[in-house]
Amino acid sequence: MISREGLSLDPVATFIEPRHREFRERVVAFCREEIGDGGDAGDGRAAGGSDSRGRRDPDSDAAARVRARELLGLMGSAGLFEPIRDGDVRGCLVAREVLAWWSPLADAVFALQGLSATPALVAGRDPGGWAARAVAGEAMGAFAMTEREAGSDVASMTTRAVRDGDGYVLDGAKSFISNAGVADFHVVFAATDPEAGTRGISCFVVPADADGFEFAGAQVMSAPHPLGELRFEGCRVKADAMLGDEGAGFKTGMATLDRLRPTVAAGACGMAGRALWEAVRHARRREQFGRTLSSFQLVQEKLAVSATELTAGRLLAYRAGWEKDRGAERITMEAAMAKSFATEAAQRIVDRAVQVLGGRGVVADHPVDRLYRAVRALRIYEGTTEIQHLIIGGGLVRDSGQ
Ligand SMILES: Cc1cc2nc3c(=O)[nH]c(=O)nc-3n(C[C@H](O)[C@H](O)[C@H](O)COP(=O)(O)OP(=O)(O)OC[C@H]3O[C@@H](n4cnc5c(N)ncnc54)[C@H](O)[C@@H]3O)c2cc1C
């Protein structure tokens, strides 16, 4: 199920097509060529790496931004964004599992191209051709929904878009936006009718050079990941920059997240799989009390529980992708189950790997230490675990027919 180059697709064979196996080989070949030999943390090569004495690069956020742009072009040239273009959710799962194994930063680059291009696919129109350029790897996108005072409670957003002549004028600010400061275009959610709650939110494409738009500063994460704040002050966009109808922005955003939450699960599984592989490798080599760690049953138990949780997370993710790819209009419950279970399990799996590695597992820039920092955010972004549980619980109560 697990090898030096990533997770096998055999455990999820029921849910995939032959093309997914071929695509996996392409992604692995890309990672081998462009990211590293699979023996270290991947993106340490150029972003957020350490010096010869193991110290964290103090400039890692800047390095991550440069490396993210570089990866975008390389991934685009290699055709890695094709599943996003084709709406092939399982292809996206394959890409994220492999990329996250080799480089959480490359995984984030893929995720953000999906988040920024998919609203246009959902809405059925691509203002400015940005989504097409995004899936070609020619433009970097961002998805700007969250605000300082509006996180889980999206409907409380205060960014406004007011109709003015042949366009709209946006005022407000967004926070915790991936690719802020490096993106070429932004899918921005703003209230066109503040009294109407989620039905009053609309969605606009805002290029980075739009008048009244600015990058308001970086929010430096503990793992390499471009993140920051955006500001809109009298930012004017043409009416045809709107994705979907006025007031349909929330629906477009949620339909986008439906498709992408299973891919967050896949990213989590890629990171967890890598951590498990590192733990098994270490346990087989390291000797204490005259025996390898892997011969201790307490260590084996950690590995066994991790392998089981990892497989369960992958099955939930591929099952959700399979449902979408075979024509389900929405997969809200399946996506919420996959995201919440796999990201929580991945956190436990990476933590167990640190424990098996002992002190080595917390040395900065050991692959497992890097994964420990990278995996945490997945339980938060694109809807926290608690919000996924509200979705699942609410759906269960509503639809149980009693
Ligand atoms: C690395 C990273 C990248 C991100 N990228 C993007 C991006 O590209 N675009 C974007 O728009 N956003 C992005 N976000 C923002 C992310 O979506 C939000 O952080 C997330 O939705 C949670 O919002 P919040 O941080 O304001 O937390 P809050 O909403 O304040 O929640 C704090 C805690 O309270 C819990 N909580 C809230 N409401 C309830 C409730 N009703 N019941 C039970 N518990 C509740 C939450 O689950 C959480 O545990 C990113 C975040 C991170 C960390």
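This is a predicted model: local features need pLDDT of at least 70, side-chain atom pairs count only at pLDDT 80 or more; totals for chains, interfaces and linings use all residues.
Residues are numbered from 1 along each chain as its sequence is written.

**Helix packing**

Helices (H or I, at least four residues) and strands (E, at least two) are DSSP runs, numbered from the N terminus. Axes are lines fitted to C-alpha atoms, for helices over the stretch in contact, with angles from 0 to 180 degrees between N-to-C directions.

| Helix pair | Residues | Axis distance | Angle |
|---|---|---|---|
| α5 and α7 | 104-123 and 249-285 | 9 Å apart | about 160° |
| α9 and α10 | 332-357 and 367-375 | within 10 Å | roughly 155° |

The crossing of α5 and α7 is right-handed (the near helix is turned clockwise from the far one by less than a right angle; anticlockwise is left-handed). On α5, the contact (C-beta atoms, placed from the backbone, within 7 Å) includes Pro104, Asp107, Ala111 and Gly114. On α7, Thr252, Gly253, Arg259 and Met271 are among the contact residues. The contact of α5 with α7 holds 9 nonpolar, 8 polar and 2 charged residues. Here Ala, Val, Leu, Ile, Met, Phe, Trp, Tyr, Cys and Pro count as nonpolar, Asp, Glu, Lys and Arg as charged, and the others, Gly among them, as polar.

Helices α9 and α10 are also roughly antiparallel to each other. Their crossing is left-handed. Ala346, Gln347, Val350, Ala353, Val354 and Leu357 of α9 meet Val368, Leu371, Tyr372 and Val375 of α10. These residues divide into 9 nonpolar, 1 polar and no charged.

Strand β4 (residues 160-164) pairs with β5 in the antiparallel sense, over 5 bridges (pairing takes at least two DSSP bridges). Alanine 161 has leucine 170 of β5 as its bridge partner. The hairpin has 2 residues between the strands, and glycine 165 takes a positive phi near 60°.

Technical notes: Angles under 35 degrees count as roughly parallel, over 145 as roughly antiparallel, 65 to 115 as roughly perpendicular and the rest as oblique. Two residues are in contact if their C-beta atoms, placed from the backbone, lie within 7 Å.
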